[in-house]
Amino acid sequence: MNFDLTDEQKMVQEMAKNFAEKEIAPYVDQDEENHYYRREILSKMGELGLLGWSIPEEYGGNGMGWMEAVLALYEIAKVHTSWRLSISGNCWGPAMTINQYGTPEQKEKYIPKLVSGEHVGSFAITEANSGSDVASMKTFAEDKGDHYLMNGSKMWISGGHVSDVGLVYAVTEKGAGHKGLSCFIVDYNNTPGITRIPIHTKVGMWTAPTSELVFENAVIPKENLLGPLNKGFIICMWQLNNTRMGCATGAASLSAACLEGAVQYANERTQFGKPIGKYQMIQAQLAEMKLEDEAAKFLVYHAAYLKDKGLPNQQATSIAKLFGCQAAVHAANMAMKIYGSYGYSTEYPCGRWLRDAKQFETLEGTSNMHMQIISNIELGYQPNR
Ligand SMILES: Cc1cc2nc3c(=O)[nH]c(=O)nc-3n(C[C@H](O)[C@H](O)[C@H](O)COP(=O)(O)OP(=O)(O)OC[C@H]3O[C@@H](n4cnc5c(N)ncnc54)[C@H](O)[C@@H]3O)c2cc1C
């Protein structure tokens, strides 16, 4: 593994940094306060190619892979974690999964608009009573001959009520457990029978919309089945191994934001006649943050490297995600301590960092689930795909 970034990778990094500073940073406080999803940011991300990683150029992809993607996502999420979700929601979720499992018609119809940001994407797995145990989902897509009739509901879906097109996983064979799930492409603008309810009670991620979706006799055309019938569980696990890189990178990036903020504050804040950064206990706290921050970043790079090489990466992805979320939560907690009372004030970002960091422990597989994946692979109980 080469630790030097190529000129192209440095350019991508710089471009994403400039974009985040110019197009996202000016709105962070205002949009956080209003819990506002600024749709035009997604369009601008699309225009710049920030939604087209590992997607063939014939479908609008940017011709670049995982390493470039994580470098860009890292810069965006450092400015505002909520916006990391758009890369998963548009590119790594629906676009990449359609590219892997879709028919030529599905690829042509859906990928270009997801990649350009013309469409908002999403993926819906979780239900009120089915979280970590994906195979226990109840949403049912009944084969009606020339279409499927979908009934049920999904919960906690990122971008759900603003989404134009999304993947929805549903049961197609009752009683078959994980062998009875399928994946569907759902066109939210043209499918009657779907009610989308925004969730307003989230602790963090306030500018990233989250929703409940209710399907009542929603007619899903036969041609919207993605991949083989009853192979939805395999597709879902494949997709999660991609989309959870959004969590891993976002977490590493949030940890870096907390560290940068804490270092600046420690240099500026004076107590007992000296900047607080001169005190050993503050230095120890910053050293711990730095250790974890560096490790989180390189674990993300390692997983991205394996993905770009087409090598087994499931364990590396879970390690990056699990370690990253621990680093982010720890760093956010430390930052708030170092900022003292100002950390507890909404005038500083510590509260947002802490609220946003906690999401990483749950999304895209809880920390317990990632410990299970890591150890199952280590023990030889499951292959490292
Ligand atoms: C802001 C936000 C955005 C989200 N976006 C999406 C989205 O876009 N699409 C989507 O489909 N979902 C989404 N989710 C849902 C998220 O992926 C689920 O919440 C997650 O998979 C966990 O499911 P759960 O909340 O039902 O927890 P549960 O599965 O009920 O787990 C509860 C606790 O039990 C533990 N646990 C469960 N089973 C075991 C076990 N076997 N061994 C040990 N511990 C166990 C878990 O680790 C956790 O601590 C989102 C959630 C949030 C909060």
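Predicted model: local features only at pLDDT ≥ 70, side-chain atom pairs only at ≥ 80, totals over all residues.
Q: How do you know which residues are around the ligand?
A: The test is a C-beta atom within 6 Å of the molecule. That gives 19 residues, with Ile-125, Gly-131, Ser-132, Thr-366 and Asn-368 coming nearest. Strand S1 (121-124), strand S3 (147-158) and helix H11 (367-378) each give two or more residues, and S3 gives the most, with three. Domain 2 (122-230) and domain 3 (234-378) each supply at least three.

Q: Why is the set around Val-70 and Phe-184 called a nonpolar core?
A: The name applies because its members are buried residues of types such as Ala, Val, Phe and Cys, joined through C-beta atoms within 7 Å. The largest such core has 117 residues, and Val-70, Phe-184, Cys-258, Ala-332 and Ala-335 have the most contacts inside it. Helix H7 (residues 232-268) gives the most, with 16 residues.

Q: What does Ala-335 touch?
A: Skipping residues up to four places away in sequence, Ala-335 touches Cys-258, Gly-261, Ala-262, Gly-343, Cys-350 and Trp-353.

Q: How do you know whether the radius of gyration agrees with a compact globule?
A: Set the two values side by side: a compact globule of 385 residues would come out near 21 Å, and the protein chain has 21 Å, so they agree. As for burial, 51% of the residues count as buried.

How values were computed. Residues numbered from 1 in each chain as written. Buried ≥ 20, exposed ≤ 12 C-beta atoms within 10 Å, placed from the backbone. Helix = DSSP H or I, 4+ residues; strand = E, 2+ residues; numbered from the N terminus. Contact = placed C-beta atoms within 7 Å. Domains from an automatic or database assignment. Rg over C-alpha atoms; globule rule 2.2 N^0.38 Å.
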